[in-house]
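Please open the structure in your viewer and keep the selection tool at hand. The stops below are meant to be followed in order.

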Amino acid sequence: MLHIPGEEGGLSEAAPEVNNQDLLDKLAQKTGNAPEDQVPHVVDEASPSSTSSFELLDMDSAPAPYREVQPHWFFCPRGDDNTTWLPFSRDDSDKLENALNTVGDKEGDEVVIAVDGERYDVHVRERKRYAVYWEQDPTEVRRCSWFYKGDKDTKFMPYPEDFCKRLEEAYMVAVTLNEWKTKLEFPSGETVILHNPKLIMQYQPIGLQDEWQSSPSEQTRPRTVKRGVCNITVEIPEGEPEKVDHLVFMVHGIGPACDLRFRSIIQCVNDFRSASLSLLGSHYKRAQQDGQVGRVEFLPVNWHSALHGDATGVDEDIQRITLPSISRLRHFTNDTLLDLFFYNSPTYCQTIVDTVASEINKLHTLFKQRHSGFNGAISVVGHSLGSLILFDLLTNQRNGSNARQGVLSGESFHMHHDTLQDTLTRLGLQQYLDTLQAENLDLESLALCQDCDLKDLGIPLGPRKKLLNYVRKKWLSEDSKNRAGRLPPGIQVQPESSSDQDGNQSSAASKRRAHFHRAQSVTSAVEYEYFDVGIGQVSINYPQLAFHPQTFFAFGSPIGMFLTVRGLKHIDPKYSFPTCKSFYNIYHPFDPVAYRIEPMIVTEVDLEPMLIPHHKGRKRMHLELKDSLTRMSMDLKNNVFGSLRTAWQSFARIPVAALPPLDEANTTIENDLQESQGTCEEAESSESAEQREQPEIKVGMLNEGRRIDYVLQEKPIESFNEYLFAIQSHLCYWESEDTALLLLKEIYDKLGVAFEQPQQ
């Protein structure tokens with residue numbers, strides 16, 4: 001590996017501006033009047049062996065005057081790896097350069113510049129880049145002007161700043177005096193030969209060569225040296241618009257990795273953000289030019305690290321009981337699949353929900369601080385288990401009036417707001433109101449009554465069982481929630497009781513709990529309308545978000561399956577989230593974890609999911625071919641039936657005694673053929689008619705009456721074997737441009753911005 005001074009130590013000062021005094025100093029150094037330790041030693045002429053292959057360039061042309069190199073700022077994407085360097089956008093690089101020119105590199109207060117859409121802060125003096133919205137080790141930043149690349153390297157790498165400074169000084173002397181073919185020897189042993197302005201090579205000393213290299217010829221291969229970022233092949237990203245139109249929080253699913261490359265949620269959201277920026281430039285180009293469109297900011301929400309951190313100690317507890325065999329598979333199971341079971345545990349479900357809500361609220365606060373002028377809407381995205389977490393969280397949000405518009409399985413019911421009359425009316429037992437009021441019974445005292453008490457009042461068996469079952473379930477569920485909400489996460493609620501001297505429980509509360517548990521000990525259908533949350537969730541304290549989301553997007557979501565497992569068979573079409581008015585369920589057709597939502601709302605109609613258009617504005621070719629073949633087979637079938645009918649009519653005209661009368665035969669056969677043909681024609685036109693009618697169908701209020709289920713188009717290679725691509729299908733959403741475009745279209749449609757389909 002090439003050893004460069006300053007690679008391991010601190011970075012040196014940036015190169016100063018060139019003036020006449022600097023030029024005089026360089027000329028003095030050229031004649032040997034300056035100490036050698038200030039600049040590289042300059043040999044007047046390189047050895048013939050090292051320059052013989054570089055004499056073909058024409059050096060007779062007049063030399064160009066010296067111009068100071070324009071530096072560009074680069075950064076390391078990872079703190080533990082300094083072999084990968086990426087350029088800042090031109091806008092960010094200019095901001096960093098202007099800040100450095102203003103304050104200089106001398107000691108003083110740190111200068112902080114926000115870059116990358118204000119998601120990172122660069123400390124200019126320290127040369128470090130810090131993440132703002134998530135935890136990440138600081139990474140190195142360089143002000144780069146000289147680059148190198150070996151024969152086997154794929155891209156140029158930047159030199160450290162002190163090395164760049166020394167190269168620039170020597171280059172200025174060579175250009176000013178028009179003296180080339182000089183060799184620069186650095187104290188560390190590296191040798192740089194300046195053949196001409198366009199050909200500069202670096203040689204590594206033999207002692208620092210890689211001991212695994214196979215031959216001396218490989219050891220002496222030079223590295224190409226280039227001056228300025230304009231002379232190397234590098235893609236400098238476009239700067240992001242400062243204006244943010246919409247903010248989106250993205251919650252991951254099970255495990256620490258989000259795709260097959262085992263990337264974190266931060267890396268996947270970065271890719272999704274980049275895809276959205278590209279799509280804005282292609283599908284909202286005119287609106288961008290007119291200043292109507294800025295950008296959409298996507299921020300990751302990480303809850304896995306909090307669940308598996310030292311605070312919970314769950315990993316240590318699981319590790320103690322884990323078998324030693326197949327250790328890698330068990331580690332994967334403990335780190336990934338167990339998240340599903342943790343979410344169904346009251347203890348860890350509370351931790352997960354609290355982490356998601358607190359992280360979203362924290363990110364929201366940070367974003368508002370850094371974007372004080374932001375007045376756009378906010379949406380949330382959940383992938384896999386993350387979508388279920390958001391679904392449960394949004395179900396338990398409270399709006400201004402603390403009232404819900406419908407529930408998932410019936411009307412909403414709050415025991416503390418209903419009266420005895422309301423309850424009896426709901427159950428169809430209003431005829432017993434006078435009887436209960438005569439005994440001064442309300443809902444609280446009714447929950448303490450037993451069957452014999454109501455029997456003494458003359459209430460028949462059926463009504464009293466119905467009444468007691470309803471009131472006890474609802475009242476005790478509310479009481480349990482109130483007590484659980486006052487306890488810290490992880491503390492189990494113990495039954496409260498008062499004991500006499502003999503240790504016997506005597507309180508009325510203990511009696512009603514004991515009776516309630518006896519009533520629940522039998523297996524029966526769960527009535528989810530009795531639960532405050534309405535969908536069979538774990539009884540925990542659901543925190544509130546600091547804002548009302550505009551839209552909830554679910555990627556590869558198991559929400560439908562979990563609702564069904566919880567015992568919910570139907571979602572009331574009138575139900576909507578208390579604070580979120582739009583909901584999209586987006587899935588890949590081969591995703592093994594995804595389930596639909598619309599069949600739980602509209603049970604009388606078999607609706608096909610809405611097909612998400614390709615981001616280039618067409619169906620994929622193999623899907624078009626499939627549809628064409630379907631239409632061809634239907635046309636062929638219709639032609640066959642038509643030919644059979646014509647042939648039968650010709651055959652029926654032959655007077656054969658064994659045949660029935662001609663009119664009767666024609667009538668019978670024609671009717672049969674017409675019925676068959678009519679069936680085919682109906683089947684042929686059913687698809688187009690269904691597609692015309694589907695957008696007009698109201699699918700409940702979860703998405704304001706619009707369609708909810710949206711399916712991606714599978715790729716051609718995926719259609720060959722859907723089982724082979726099943727896992728990949730569940731992890732494809734982060735890189736799907738079709739998914740990103742659907743989000744952008746929903747966001748900007750509500751902003752009234754026209755969508756543009758790019759020309760093919």
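Which residues form a nonpolar patch on the surface? Before selecting anything, bear in mind that this is a predicted model. Select Ile 326, Leu 329, Phe 332 and Leu 337, which form the patch and together have about 380 Å² of accessible area. Within this selection, centre on Ile 326, which is found in the loop between helix H9 (314-321) and helix H10 (327-343). Ile 326 counts as exposed because its relative accessibility is 53%, the cut-off for that class being over 50%.

Next, select His 548, whose place is in the loop that lies between helix H18 (508-520) and strand S17 (551-555). If residues up to four places away in sequence are not counted, His 548 touches Ile 378, Arg 398 and Thr 579.

For the last stop, turn to an open sheet of six strands, with antiparallel pairing, and trace its strands in the order S3-S2-S7-S6-S5-S4. The edges are strand S3 (86-87) and strand S4 (112-115), each of which pairs on one side only. From S4, move to strand S5 (residues 120-123), which runs antiparallel to S4 and is joined to it by four bridges.

Technical notes: Residues numbered from 1 in each chain as written. Predicted model: local features only at pLDDT ≥ 70, side-chain atom pairs only at ≥ 80, totals over all residues. Heavy atoms only, no water. Pairing = 2+ DSSP bridges. Helix = DSSP H or I, 4+ residues; strand = E, 2+ residues; numbered from the N terminus. Contact = heavy atoms within 4.5 Å. Patch = residues over 30% accessible without salt bridge, like charges linked within 9 Å, V, L, I, M, F, W, Y side chains within 5 Å. Areas by Shrake-Rupley, 256 points an atom, 1.4 Å probe, with all protein chains shown as cover. Salt bridge = Lys/Arg side-chain N within 4 Å of Asp/Glu carboxyl O. Buried < 20%, exposed > 50% of the residue type's maximum accessible area, 1.4 Å probe, protein only.
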